[in-house]
Amino acid sequence: MNAGLRPSHCVPNRFQPLPFILAYDDFSGGTGGWLELMPNFTKEGFKARESILDKTRWGPTMLSTASFGYMGTHGAMSGIYSLKLATRPVANRYEEMPAPGSMAHAIKRLSVFRPKGLVQFEMWYAYTPEQDRIGVGEKDIRAFGASFDVQDDSYRYFIGARFLNSVNGDLKRQWQILKADEGVTDQQWAYGRQGEWNKRGVDPMWYGRRYPDGRTDGYQFVSGGQQRLCYNESDDKINWIYLRLTVDTARREYVDLQSGAAVFDLRGISPTLVQPYARIEGLLNPVIWVETDTDRRVFLFVDSVVISCE
Amino acid sequence: MRHFTTAVLERHASLAGDFATEPYETPWASEALFFIRAEETAGENPLLRARVQISADGIHWVDEGTAFPPITTTGDYFVRISHFGGWLRLAGTIQGEEGRFDVTIHLVLKE
């Protein structure tokens with residue numbers, strides 16, 4: 001895009017923002033509103049609605065110095081602090097529904113302030129498991145991803161990308177996008193439970209049946225989307241990696257995904273459109289998450305994030 | 001302005017036997033409070049013991065020296081700590097026959 005249109009001089013040019021910056025967080029001064037994604041604690045005793053999945057135990061987010069026992073403090077790409085998403089040390093097999101605590105999410109709750117059009121997520125991040133055992137733990141990270149939860153005047157939809165890294169210890173290293181399979185019912189989406197609140201297409205991070213080859217009801221593989229990322233040679237060496245996802249909220253379509261220097265064209269692909277939910281018109285929530293593949297904590301370190309729009 | 005964070009380490013969690021909260025990074029903070037809200041108890045003479053632990057790497061833990069008084073009933077309890085380095089967690093145990101505590105645990109950090 002035309003660099004002359006960029007109005008913000010505080011965003012480093014390792015980002016490629018659209019003209020209007022909704023958020024730039026480098027986590028040097030706090031979490032910037034990124035917090036754990038939790039259910040609504042609106043029931044008796046401030047408990048969450050009954051669900052087939054316990055969503056109250058997703059791992060914590062925190063400011064991190066990325067410190068390791070034999071390497072010391074990595075710090076961040078810029079400064080000392082990054083935002084860390086940490087799972088608990090628990091996982092089900094891939095083809096089962098996610099174990100409580102096997103994921104960690106960070107969400108920033110925003111709303112639209114511009115006409116519909118291009119919206120973009122960018123981050124510099126690194127990923128690794130907890131160095132609690134010897135060897136190289138790359139295969140213990142199941143997946144990570146980033147998406148927008150959007151609601152406009154007609155529809156709610158999840159639009160985003162997931163890097164499927166490992167399935168039951170078998171490295172896949174393949175990008176997927178959020179898009180639910182046609183023909184999946186709301187009940188199948190919720191692992192067969194009748195009366196689950198969510199609709200097909202909503203919350204694909206944990207809903208939608210999973211299959212041993214890495215497919216789920218909620219994700220589609222990106223054509224040619226295999227990619228080897230810079231994991232490094234041991235679990236206490238982390239490299240900062242660039243991710244960009246651009247979507248079009250006017251057309252309700254994907255535009256493209258950039259991971260490192262690779263760009264995947266996603267034009268013409270639609271997310272799954274769902275009838276609007278109450279009280280969230282204009283919602284524009286970026287969400288980042290990480291998933292563990294085994295009984296081991298895995299971490300996603302986010303050095304910085306930019307959310308921008310045209 | 002001072003820097004401040006409340007982390008919710010457990011939400012209505014049911015604890016029995018030995019437990020430890022998830023490791024939490026605290027390098028930016030110089031003072032902390034752990035809160036335990038004991039919401040429900042079960043079993044015969046249930047007793048919750050919890051102590052603060054610190055760590056150099058988030059993996060190996062040592063007792064910091066601060067501990068909650070033994071908790072036997074529902075209610076809200078806290079401890080204060082400072083000079084704790086880069087990591088904090090609570091470790092503890094539930095005693096009593098079939099002892100169980102449902103708890104919400106907060107870590108409150110300030111710099």
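Predicted model: local features only at pLDDT ≥ 70, side-chain atom pairs only at ≥ 80, totals over all residues.
Biologist: What makes a residue part of the lining, and which ones lie nearest the centre of the largest pocket?

Modeller: A lining residue has an atom within 4 Å of a point. For the largest pocket, 36 residues line the space, and A:Met38, A:Pro39, A:Asn40, A:Trp197 and A:Asp203 lie nearest its centre. Two or more lining residues come from each of β10 (156-167) and β16 (283-292) of chain A, and from β1 (4-15) of chain B. The top giver is β16(A), with three residues.

Biologist: How do you know how many of those lining residues are charged?

Modeller: Asp, Glu, Lys and Arg count as charged, so you just sort by residue type. That gives twelve charged, seven polar and 17 nonpolar residues.

Biologist: And the second largest pocket, what makes up its lining?

Modeller: That pocket holds about 280 Å³ of space. It is lined by 17 residues, with A:Trp34, A:Leu35, A:Glu36, A:Thr61 and B:Thr6 closest to its centre. Two or more residues come from each of β2 (61-64) of chain A and β1 of chain B.

Biologist: Which element gives the most there?

Modeller: That's β1(B), with five residues. By class, the lining of the second largest pocket has nine nonpolar, five polar and three charged residues.

Notes: Residues numbered from 1 in each chain as written. Chains lettered and ligands numbered in written order. Heavy atoms only, no water. 1 Å grid on protein atoms, 1.4 Å probe; cavity = no way out; pocket = protein on both sides within 12 Å on 5 of 7 lines; lining within 4 Å. Helix = DSSP H or I, 4+ residues; strand = E, 2+ residues; numbered from the N terminus. Points joined across faces, edges and corners; volume = space filled by probe spheres on them.
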